[in-house]
Amino acid sequence: QQHGGGSSEREGRVKRREEGRKEGGREGGEAARTGPDRTRPDRVSLPPCGGSEQQLGPMNLASLNGEGGSSSQLLFANFNQDTTSLAVGTKSGYKFFSLSSVDKLEQIYECTDTEDVCIVERLFSSSLVAIVSLKAPRKLKVCHFKKGTEICNYSYSNTILAVKLNRQRLIVCLEESLYIHNIRDMKVLHTIRETPPNPTGLCALSINNDNCYLAYPGSAAIGEVQVFDTINLSIFFHFLYFTESCQYDP
């Protein structure tokens, strides 16, 4: 009996240990289920000002206008100088979109008179627009788009690669030359000839009337940039940014 009693006592201790393991396993599993997931970072959704979660993604211009196919093929896209509108050139013409809303692009103008528009530049929020078509890549048209009238047009010796505007100047960039026009009457004020080969039309025009500078590559072999004063029609300075040195030409 004593032996039997001892055996019963041992069996009781074993049973209690097994029950303890099961209870601990249930608690550990519950903690694992309710605790944070350490295998990946916590996901956080930041609601906009309205308070509801919002998924932001790229805007498709064709889907916004219910268009598709080759007629709506995108050839050019650029903001105006104060980023209030977006200009888009397509196979069928060009369009302007207002950027006053962050939720959607609102089309404010469309022109289908000129096909294959590869460059369309709007002067700030005015009605003045400069247009180049693939059908006539050496011809620049300056138009009043709200009136639907052509102000003037100019033809150049080579393909127009870029057009830049501000309230003082209009710049036409060819591969080896730059033409500086007066924006008021579109007369050619100056031509920068025999520039280093610039097949991509890389150039930048300041939108500031007081510092009306034009920047363009100064060399095809090294990292040299020329900065031209389009008001005084002279080189402002140039610098070699690979050697971090500046050379000023007063």
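Biologist: What is the order of the strands in the open sheet of four strands?

Modeller: This is a predicted model, in which local features need pLDDT of at least 70 and side-chain atom pairs count only at pLDDT 80 or more, while totals for chains, interfaces and linings use all residues. Residues are numbered from 1 along each chain as its sequence is written, and side-chain values use heavy atoms, with hydrogens and water left out. Strands are DSSP runs of E, at least two residues long and numbered from the N terminus; two of them pair if DSSP finds at least two bridges between them. With antiparallel pairing, the order is β9-β10-β11-β12.

Biologist: Which strands stand at the edges?

Modeller: An edge strand here has a single partner, so one side of it is left without a neighbour in the sheet. That applies to β9 (162-165) and β12 (188-193).

Biologist: What does the twist average from one strand to the next?

Modeller: Axes are lines fitted to C-alpha atoms, and angles run from 0 to 180 degrees between N-to-C directions. From one strand to the next, the average twist is 15 degrees.

Biologist: Which residue of β12 is the bridge partner of H181?

Modeller: Five bridges join β11 (residues 177-182) to β12, and the two run antiparallel. Five bridges also join β10 to β11, again antiparallel, and there R169 has N182 in β11 as its bridge partner. In β12, H181 is bridged to V188.

Biologist: Which residue in the hairpin of β11 and β12 takes a positive phi?

Modeller: The hairpin of β10 and β11 has three residues between its strands. The hairpin of β11 and β12 has five, and the residue with a positive phi, near 65 degrees, is M186.

Biologist: How many of the six residues of β11 are buried?

Modeller: Buried means under 20% relative accessible area, exposed means over 50%, and partly exposed lies in between (1.4 Å probe, protein chains only). One side of β11 carries S177, Y179 and H181, the other L178, I180 and N182, and both faces are covered. The strand is largely enclosed by the rest of the structure, because the number of buried residues is six of the six.

Biologist: How many disulfides does a search of the whole structure find?

Modeller: A disulfide is a pair of cysteine sulfur atoms within 2.5 Å. C143 is buried, at a relative accessible area of 10%, and its sulfur is 7.5 Å from the closest cysteine sulfur, in C111, too far for a bond. C118 is buried as well, at 17%. The number of disulfides found is zero.

Biologist: Which residues is E106 in contact with, leaving aside neighbours within four places in sequence?

Modeller: E106 is found in strand β4 (residues 106-111) and is partly exposed, with a relative accessible area of 43%. Its C-alpha atom is 9.4 Å from that of S85, 21 residues apart along the chain. Contact means heavy atoms within 4.5 Å. By that cut-off, E106 is in contact with F96, F97 and S98.
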